[in-house]
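Subject: Structure handover

Hello,

Here is the structure for your files. My notes on it follow below.

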Amino acid sequence: MMGEREEDDDTEEAWLQLRPMEPLPSQCCGSGCSPCVFDLYHRDLARWEAARASKDRSLLRGPESQSCPSKLNPETFVAFCISAVDRLTKDTYRVRFAVPGNSQLGLQPGQHLILRGIVDDLEIQRAYTPISPANAEGYFEVLIKCYQMGLMSRYVESWRAGDTAFWRGPFGDFFYKPNQYGELLMLAAGTGLAPMVPILQSITDNEDDETFVTLVGCFKTFESIYLKTFLQEQACFWNVRTFFVLSQESSSEQLPWSYQEKTRFGRLGQDLIKELVSCCRRKPFALVCGSAEFNKDIARCLLCAGLTEDSYFLF
């Protein structure tokens, strides 16, 4: 009987049932992560082909992982429990996740994670950048904007404290080092503020880091500005300046006095970027995060303002 079972396990039909399933386009977050979900598929497919050729199923498992199952991993989704969900604006949430053992998540400031969700039996993946300090112990927080027709938005809006969500990572090619640049010019649109937050906080938390920071946040209205208290606190440091560009407001009369002198109206364009670059106290290195269109436009403006291609980074 044992010999018959082994023969059945080696039939072509049995091996085809073990063949990895190719991901759907919705399962790719489109952020250029490495490994991408398609990279993992091709890795698993190569393992399957080698195992089938040698008729050795043990090859399907790959190298045994020595890491703790609760430790963040770029290849495998790990479950994290939601400890709090705060609604910041009508469509944006700050969500806190518990990290087991009061440990650190293990990523550099500005790196992002991939969230997996399932809606209507369709698996989807999106990239989000934690806004909590990189050295935060026992938790991490993400800023998530929800869209009316977004599949991931439906999933996120269903979250409640105590629910579980699955993440993998970290990803990202920008690694900040203290005093690496004379000045950081941070240009962020909407939730593009997210990677700037932990980088900025790592600078102000480090007494030995004397990097100047000019942060420009682009939002539709004053009410839609995220993390106002945090940004106000950061602007009190000697080396930090914050500015805002509001696209759907036209007058400073209704703004609090502390925002009136540092707020512009309209869109962040060529003239304002030239002014920002010229007003930097030291040679700037620009960090840019927003939509693909925003990043492309800002990169063009930075080049026109005299920066070189190696003087800015697009998240």
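A charge counts as sitting over a ring if NZ of Lys or CZ of Arg is within 6 Å of the ring centre and within 35 degrees of the ring normal. By that rule R116 lies over the face of F77, at 4.7 Å from the ring centre. K262 is likewise placed over the face of Y259, at 5.3 Å from the ring centre. Please keep in mind throughout that this is a predicted model.

The open sheet has 6 strands in the order 10-9-8-7-11-12, and the pairing is parallel. Strand 10 (263-265) and strand 12 (312-314) are the edge strands, each pairing on one side only. On average, neighbouring strands of this sheet are turned by 15° against each other, direction ignored.

Strand 8 (residues 212-219) is mostly covered, with 8 of its 8 residues buried. In general, side chains of a regular strand alternate between the two faces of the sheet. Here F212, T214, V216 and C218 point one way from strand 8, while V213, L215, G217 and F219 point the other way; all are buried.

On one side, strand 8 pairs with strand 7 (residues 183-189) in the parallel sense over 7 bridges. Within this pairing, G217 in strand 8 is the bridge partner of A188. The chain gets from strand 7 to strand 8 through helix 5 (residues 196-204), and this β-α-β crossover is right-handed.

Strand 8 also pairs with strand 9 (residues 240-246), in the parallel sense and over 7 bridges. There, T214 has R241 in strand 9 as its bridge partner. Strand 8, helix 6 (residues 228-234) and strand 9 make up a right-handed β-α-β unit.

Strand 7 has a further partner in strand 11 (residues 284-289), again in the parallel sense, over 6 bridges. L187 stands opposite V288 in strand 11.

Helices on the sheet

Helix 5 lies across strand 7, strand 8, strand 9 and strand 11, and runs at about 150° to strand 7. Helix 9 (residues 292-304) lies across strand 7, strand 8, strand 11 and strand 12, running at about 160° to strand 11.

Aromatic pairs

The structure holds 16 aromatic pairs. One of them joins F97 and W167, edge-to-face, with 5.4 Å centre to centre and 85° between the planes. F97 lies in strand 2 (residues 92-98) and W167 in strand 6 (residues 164-171), so this pair ties together parts that are 70 residues apart in sequence.

F313 and F315 form another edge-to-face pair, at 5.0 Å centre to centre and with 75° between the planes. F313 counts as partly exposed at 22% relative accessibility. F315 is partly exposed too, with a relative accessible area of 27%.

Ring pairs also link F80, F97, Y128, F140, Y155, W159 and W167 into a cluster. The cluster thus named includes both F97 and W167, the edge-to-face pair described above.

Regards

Technical notes. Residues are numbered from 1 along each chain as its sequence is written. This is a predicted model: local features need pLDDT of at least 70, side-chain atom pairs count only at pLDDT 80 or more; totals for chains, interfaces and linings use all residues. Side-chain values use heavy atoms; hydrogens and water are left out. Buried means under 20% relative accessible area, exposed over 50%, partly exposed in between (1.4 Å probe, protein chains only). Helices (H or I, at least four residues) and strands (E, at least two) are DSSP runs, numbered from the N terminus. Two strands pair if DSSP finds at least two bridges between them. A crossover is right-handed if, with the strands pointing away from the viewer, the path from the first strand over the helix to the second runs clockwise. Rings of Phe, Tyr and Trp (its six-membered ring) pair if their centres lie within 6.5 Å; planes under 30 degrees apart count as stacked, over 60 as edge-to-face and the rest as tilted. Axes are lines fitted to C-alpha atoms, for helices over the stretch in contact, and angles run from 0 to 180 degrees between N-to-C directions. Contact means heavy atoms within 4.5 Å.
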